[in-house]
Amino acid sequence: MFNVRKITDDYYYIGGNDHRLALFENIFPIPDGVSYNSYLLKDEKTVVFDTVDWSIAREFLNNIEQVLEGRDLDYLVINHMEPDHGASIELLLDKYPNLKVISTEKSIMIMRQFGFKVDDRTIQVEEGDSMNFGKHDITFVTAPMVHWPEVMMSYDIQDKILFAADAFGSFKANDGRLFNDEVDFDRDWLDEARRYYTNIVGKYGTFVQAVLKKAQTLEINYICPLHGLVWRNNFGYIIDKYDKWSRYEPEKEGALIVYASMYGNTEYAAQAIATKLCERGLTDISVRDVSNTDVSTLIAETFKYSNLIIASVTYNLHVYPKMKDFVNDMKALNVRNRTVSILENGSWAPKVADRLEDFFDNEMQLMDVRPETVTITSSLNYSKEEEIDSLVDGVFDSIKRTREDKEKTRQQKSK
């Protein structure tokens with residue numbers, strides 16, 4: 001049936017892809033597109049789980065008609081009311097006059113705020129409520145602030161399907177593929193999944209931890225998110241990623257080097273640091289120009305690596321504007337538990353180190369700023385090699401300390 005795919009005997013994928021949108025939420029570049037996922041249960045009653053963005057509404061309605069084969073649509077479950085998932089609600093209400101909308105109190109309030117005529121057509125549910133649709137019973141689980149306050153998840157008791165709202169999602173269009181085992185996720189999808197989580201949900205780690213604890217009580221055969229792929233195996237892999245990201249624990253003991261360079265001199269210094277790290281055996285590094293790397297990628301890389309090395313020119317006696325935007329975004333998304341090393345450059349008044357040390361110490365949480373700051377004036381020269389070596393030593397010392405702490409924790413848990 002064209003772009004419809006079957007998930008189980010009674011469940012169908014009826015979402016679609018958008019390759020025309022350049023910026024998700026008008027902020028985040030999505031060069032590989034994005035999917036808007038929706039699902040349909042065909043039981044004694046028919047149920048759609050979430051709608052789609054306006055951009056694919058015509059395709060969405062066509063998919064529903066194909067699956068229903070002339071039947072009426074009885075219910076619409078809204079797990080998340082953000083417009084990329086709730087925009088098509090009124091289309092369904094108009095097309096199916098007997099349709100009832102199932103959602104949380106806050107979600108129904110937001111529907112009215114958007115002007116949707118849902119009065120007398122809603123069923124309000126709370127944590128632990130359930131509904132029967134024939135062979136299938138659905139239980140509702142609240143998930144506030146993952147990443148809006150009205151969010152819930154829905155769980156099919158019989159097929160053990162978790163409709164996970166925006167959790168476990170990803171940037172990137174599915175393009176015919178639907179399941180996690182139809183792709184090389186580590187190679188082709190992980191970076192976009194990380195960038196999606198860290199920028200969309202990253203601020204709300206404590207709330208994600210609460211949802212993960214709820215998920216541990218459920219037996220799961222499928223995870224159906226609102227963006228990206230449906231998970232039907234290897235759940236430990238993606239849950240481990242979400243556990244680390246939501247606890248702000250690095251995935252890699254490595255280094256992200258972000259540099260701000262006006263004429264190439266600070267970039268050269270950053271590359272010198274990268275070279276010395278690799279010579280010492282630390283090759284799990286990422287080197288990024290803050291001026292031509294989107295901040296969403298920088299944030300995702302910050303979540304990935306244990307160490308952040310900032311190399312920045314001074315600009316009007318302050319941190320270079322693009323670098324300042326990056327660290328402010330880190331603060332906004334609650335990034336923590338990272339070790340930071342700083343190289344500053346200034347032809348007449350280097351100020352970056354003082355500004356950044358004060359920022360990380362006083363405006364962010366659990367950021368360990370290393371003392372081995374390097375100051376260069378205009379360009380790097382051989383007189384600074386000892387300081388560069390000291391900065392590199394500091395990175396290795398911090399990684400060694402992290403490994404020792406992990407080993408102590410492991411030994412304590414094994415006792």
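Select strand β14 (residues 152–156) together with strand β15 (residues 161–163): the two pair in the antiparallel sense over 3 bridges. Strands here are DSSP runs of E of at least two residues, helices are runs of H or I of at least four, and both are numbered from the N terminus; two strands pair if DSSP finds at least two bridges between them. Within this pair, Asp 156 stands opposite Ile 161 of β15. The model is predicted, with local features requiring pLDDT of at least 70 and side-chain atom pairs pLDDT 80 or more, while totals for chains, interfaces and linings use all residues. Residues are numbered from 1 along each chain as its sequence is written, and side-chain values use heavy atoms, leaving out hydrogens and water.

Next, display the cavities. On a 1 Å grid over the protein atoms alone, a cavity is a set of points where a 1.4 Å probe fits but cannot get out; a pocket is an open set with protein on both sides within 12 Å along at least five of seven lines; lining residues have an atom within 4 Å of a point. Grid points are joined across faces, edges and corners, and a volume is the space filled by probe spheres set on the points. The whole structure holds 3 cavities of 30 Å³ or more. The largest cavity contains about 60 Å³ of space, and its lining consists of Val 141, Met 153, Leu 162, Phe 168, Val 211, Lys 214, Ala 215 and Leu 218. Helix α7 (residues 205–215) gives the most to this lining, with 3 residues. By class, the lining has 7 nonpolar, no polar and 1 charged residues; Ala, Val, Leu, Ile, Met, Phe, Trp, Tyr, Cys and Pro count as nonpolar, Asp, Glu, Lys and Arg as charged, and the others, Gly among them, as polar.

Now select helix α6 (residues 190–201) and helix α10 (residues 295–304). Their axes are 8 Å apart and the helices pack at an angle of about 100 degrees. Axes are lines fitted to C-alpha atoms, for helices over the stretch in contact, and angles run from 0 to 180 degrees between N-to-C directions. α6 and α10 are therefore roughly perpendicular, the term for 65 to 115 degrees; under 35 counts as roughly parallel, over 145 as roughly antiparallel and the rest as oblique.

Move to helix α11 (residues 321–332) and helix α12 (residues 352–362), whose axes come within 11 Å and cross at roughly 5 degrees. That makes α11 roughly parallel to α12.

Finish at the largest pocket, with a volume of about 480 Å³. Of its 17 lining residues, Pro 250, Asn 337, Thr 402, Asp 405 and Lys 406 are the closest to its centre. The largest share of the lining, 7 residues, comes from α13, and the classes are 2 nonpolar, 6 polar and 9 charged.
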